[in-house]
Amino acid sequence: MYVKQFEDDTNVRCQVLLDVSGSMDFGAGDTNKFAYGRLLAAALAYLMVRQHDAPGLVLFGAGGRQVVPPVAARHQAEEIFHALASARPGGVTALGPELLQIVDTIMRRGFAVVISDFFSAEESVFELLRRLHARGQEILVFHVLAPEELELPYEGEFLMEDAETGEEIVVHGESFREEYRTRVEAFCDRVRAECVRYEVEYRRLRTDERLDLALMTYLESRAAYG
Amino acid sequence: MIPAFTNAAMLMGLAGLAVPVLIHLLFRRKSQRMRFSTVRFFVKKDERSHQKRKLKNLILLSLRLLVMLLVVLGFVRPYLPGSGGESNVAGRRHVVLVVDTSLSMRAETSRGSQWARVRQAALGMVEEMRNEDRVAVVVSGGVITNLSGWVEPRVAGEALRTLEVGGGRGDLLEGVGRAGRYFDDLRAVGTREVRVFSDLQRLEPDALAHCAIPEDVKVSCFDVGERFIPNFAVSDVSLAGEEGSGAAVSVRSYSDEPEAQSTLRVRVDGRELLSRDVRLGAGATSQVALGQLPFEPGWHSVAVELAIRDGLLADNTRYQTVYRPEPVRVWAVETRADARVFQEATFFLRTALDPSVDTTNRNTASAFRVTKVPLARLVGELERDLSEVRRRPEVLFVSSMRDIPNGLGAILMRHVSEGGGLVMFLGEAVRSSIYNRELGGLLPAGIGEMEVIAAGEMPWRVGAFDKRSAMFEAFLKPNSGDVRLAEFYGRRGLVTSQEGRTVAEFDDGAPLIVEKSVGAGRVVLVNTSEDLRMGDWPRHKSYVPWVHGLASGLVRRTGEEAARVAPGYVLGEEIDLDLGGRYAGQTLRLEREGKDGGVEVQVASSGWLKDLAVGEAGSYRIRTTKGEDAFRFSVNVDPNESDLSLMSPAEVETRLGRVPAQVNTGFGVWVESTGRGQEFWRALLWAALALLVLEPLVANRMTA
């Protein structure tokens with residue numbers, strides 16, 4: 001009897017789920033949430049390929065589609081880059097049957113990275129997290145928010161138009177700022193609490209922050225996953 | 001009323017209203033459209049604040065527009081021509097006529113009646129005034145009244161023609177003061193005058209200084225010409241003087257004649273009762289004693305008239321009404337039938353109750369009608385008269401009896417039980433055993449043996465006594481006599497019964513006077529003789545008031561029956577009478593004594609007869625529908641009106657107190673009277689200033 005010893009790198013299936021709803025298309029220039037999320041998704045895909053993982057890309061918003069299935073291949077990153085380049089934000093965030101079907105077809109344990117602002121019907125996003133958790137996925141959430149969304153720095157009166165629904169409402173910046181910040185913080189706390197509930201690693205990202213913080217978080221989580 | 005404008009050209013300034021509108025439009029924060037990731041955090045709350053901001057902006061815009069409008073209107077200087085009911089006509093006169101209708105205006109002078117001349121002068125002045133002038137009339141005589149507000153001279157003239165001289169007291173100060181107040185609220189321009197039509201009776205030197213007439217009001221007085229009018233007056237009539245004193249009259253001379261002679265006539269119920277010649281020294285007051293006037297029981301009207309021709313006839317007669325109650329019917333039971341008058345047992349009692357008793361000149365003013373009844377006839381007369389309400393005795397004084405006639409105890413018991421009073425004396429003749437047996441049920445004490453002061457011992461005197469008792473009430477007054485000075489040499493041993501009450505004691509504590517209630521009446525037992533045999537009390541000053549109090553206290557009369565002198569009123573003043581519940585709600589008749597006719601008056605349910613108006617001095621009677629006298633009262637002229645020494649117009653005008661003219665005080669801060677009318681630019685600018693203060697408050701305080 002002999003023992004055969006060999007080393008093999010495990011190819012972890014990593015799903016990157018990027019929110020492409022209309023609300024992600026907010027933020028001027030480099031602080032645009034969609035651009036920031038897309039760049040983050042690309043960077044993560046690159047890292048995953050370099051780590052011999054099998055990255056996949058799911059874009060969700062008004063619907064959901066697996067634009068790049070998770071495959072461990074050298075050109076996988078380019079596939080994802082290409083898909084990201086052609087992605088356009090729009091529509092409302094809704095956890096449709098397409099997305100749920102994608103999640104429900106995940107058979108193996110793996111890694112799921114959700115990049116979103118979570119400005120949707122909250123319960124539907126939390127349902128996404130619950131299903132991913134139920135499929136045995138190690139989940140990492142990047143809660144992407146533009147600085148304007150966190151601080152409401154505007155002066156004067158504005159007619160705000162909802163990027164997803166088109167709903168309009170008059171807002172007076174100075175007078176409502178404090179209340180607005182309180183409400184946003186309460187919303188973030190709620191998202192964080194749901195993440196804790198489903199054992200999800202939560203990281204809030206401002207789009208004026210560098211990506212290295214997010215990538216460090218991913219690498220730490222990936223290392224812990226083994 | 002449509003306002004006119006002083007600077008109408010300044011209305012162009014209204015274009016300035018565009019400034020706030022432009023500011024509002026230019027600085028309005030336009031709502032910039034912005035696409036935002038989500039509006040979920042803005043929902044609801046900011047909608048409300050947006051509405052509030054819109055409202056605030058509208059309020060601010062309105063305030064600014066209003067400020068601008070008020071400022072422009074302030075500079076335009078609008079005015080109301082002829083506003084406040086008083087058109088502002090240049091040169092208009094506002095004159096308040098103070099017309100004296102007091103009694104002194106009835107005085108006759110060498111030039112004729114004061115009143116006729118004064119009224120004619122007032123009418124003459126009014127007729128000379130222009131139609132656009134305004135006149136107010138204040139009447140000073142009795143109650144000061146504002147005869148009219150500001151009216152045309154023609155209207156004031158009509159009011160003056162109907163005005164008659166009264167009989168009340170004039171009050172020049174109050175009249176002029178009232179006239180001055182007419183100008184307090186007058187914003188109109190023109191001359192302001194107070195014109196006094198009065199005889200200007202002399203006042204205290206400093207009195208005029210207390211008047212407060214604005215300096216811009218011209219005050220002038222009509223000159224009656226005379227400065228002094230000789231006059232005489234009956235200034236006071238006293239029918240109910242001090243106890244024992246008779247009626248008296250005060251006659252006052254307001255003349256400079258060294259000595260005037262006249263006759264004073266007293267009429268009672270229209271008939272001349274007596275007359276007195278009086279000498280009247282210059283400026284002196286003469287007291288004329290009339291003695292006791294013989295009034296029969298009932299109401300009487302008294303008029304005292306001074307027969308003399310002088311300046312003012314109205315004050316030569318003074319009136320008074322008096323009610324003489326029915327005298328108390330007292331029977332004095334005499335036990336010494338054949339004795340001389342002064343030796344009779346009841347001599348002192350009868351004389352004390354009515355000094356004129358047994359004389360041919362009976363004093364009708366006495367409060368007691370004393371009848372001497374021999375003991376032998378007492379039972380028979382009591383049996384006869386006890387059933388007669390107007391004849392039955394109210395009080396019985398029974399002197400010491402040796403024997404008690406048959407049936408006396410029973411008839412006395414009936415007398416007392418039915419409300420009569422009984423006074424019994426215990427002289428030497430009294431046999432205690434018979435008294436105790438025959439009168440035991442009546443007596444407040446059991447009667448014992450005779451006690452006599454031993455030789456060489458001090459006589460007994462009055463010790464403690466009940467000062468609240470009616471028989472000793474008179475001694476509550478100072479100098480009313482000392483009952484303790486009386487000495488007693490004999491008495492009976494008394495044992496006060498359970499129902500009895502000791503009213504007075506000897507100085508050793510033995511009972512002197514004991515009383516007891518029996519049925520509706522009372523019995524008083526006096527432990528001494530009714531004469532001088534057992535004591536000297538009848539010789540002392542305190543005896544008469546004690547006997548009077550004793551008799552009066554045993555009689556129970558209502559307040560109406562006890563009334564003596566009816567109230568007197570001053571002509572011109574309001575008269576309120578309390579007739580009591582007896583006439584509540586009844587319709588009575590008010591008549592003046594000696595005059596036919598009369599008016600019906602209604603007594604209120606409270607028994608009051610209020611606001612009686614009488615136009616003449618005199619005695620007045622209020623009668624029931626059956627013609628019975630319910631009440632009488634007298635109305636006399638005010639004695640102050642009798643002094644006809646008068647001031648000159650210059651004296652009044654210079655001594656009159658003045659106050660600074662009121663300029664723009666009160667409402668004048670806001671409105672200014674000018675020759676054109678009432679300008680209110682001040683009010684507009686004040687309002688603009690107030691809004692300017694309000695504007696930043698609204699801008700900063702209202703939350704966005």
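Which strand order does the open sheet of five strands in chain B have? In this predicted model, where local features need pLDDT of at least 70, side-chain atom pairs count only at pLDDT 80 or more, and totals for chains, interfaces and linings use all residues, the order is 30-36-35-32-33, with mixed pairing. Residues are numbered from 1 along each chain as its sequence is written, while chains are lettered from A and ligands numbered from 1 in the order in which they are written.

Helices (H or I, at least four residues) and strands (E, at least two) are DSSP runs, numbered from the N terminus, and two strands pair if DSSP finds at least two bridges between them. Strand 30 (568-570) and strand 33 (599-602) of chain B stand at the edges of the sheet, and because each has a single partner strand, one side of each is left without a neighbour there. From one strand to the next the twist averages 30 degrees, where axes are lines fitted to C-alpha atoms, for helices over the stretch in contact, and angles run from 0 to 180 degrees between N-to-C directions. Strand 32 (residues 587-592) of chain B runs antiparallel to strand 33 of chain B and is joined to it by four bridges, and B:T587 stands opposite B:Q602 in strand 33.

Counting two residues as in contact if their C-beta atoms, placed from the backbone, lie within 7 Å, 21 residues of chain B are in contact with 25 residues of chain A. On the chain B side, the elements that give two or more residues are strand 2 (32-36) and helix 2 (45-76), and the largest share, six residues, comes from helix 2 of chain B.

We turn next to the interior. A residue is buried if 20 or more other C-beta atoms lie within 10 Å of its own, exposed if 12 or fewer, and partly exposed in between, with C-beta atoms placed from the backbone. A nonpolar core is a set of buried Ala, Val, Leu, Ile, Met, Phe, Trp, Tyr and Cys residues joined through C-beta atoms within 7 Å. The largest such core has 81 residues, of which B:V96, B:L97, B:V98, B:V137, B:V176 and B:V194 touch the most other members. Apart from it lies another core, of 66 residues, which includes A:C14 and A:I115. B:V137, placed in strand 7 (residues 134-140) of chain B, counts as buried because it has 25 C-beta neighbours inside 10 Å.
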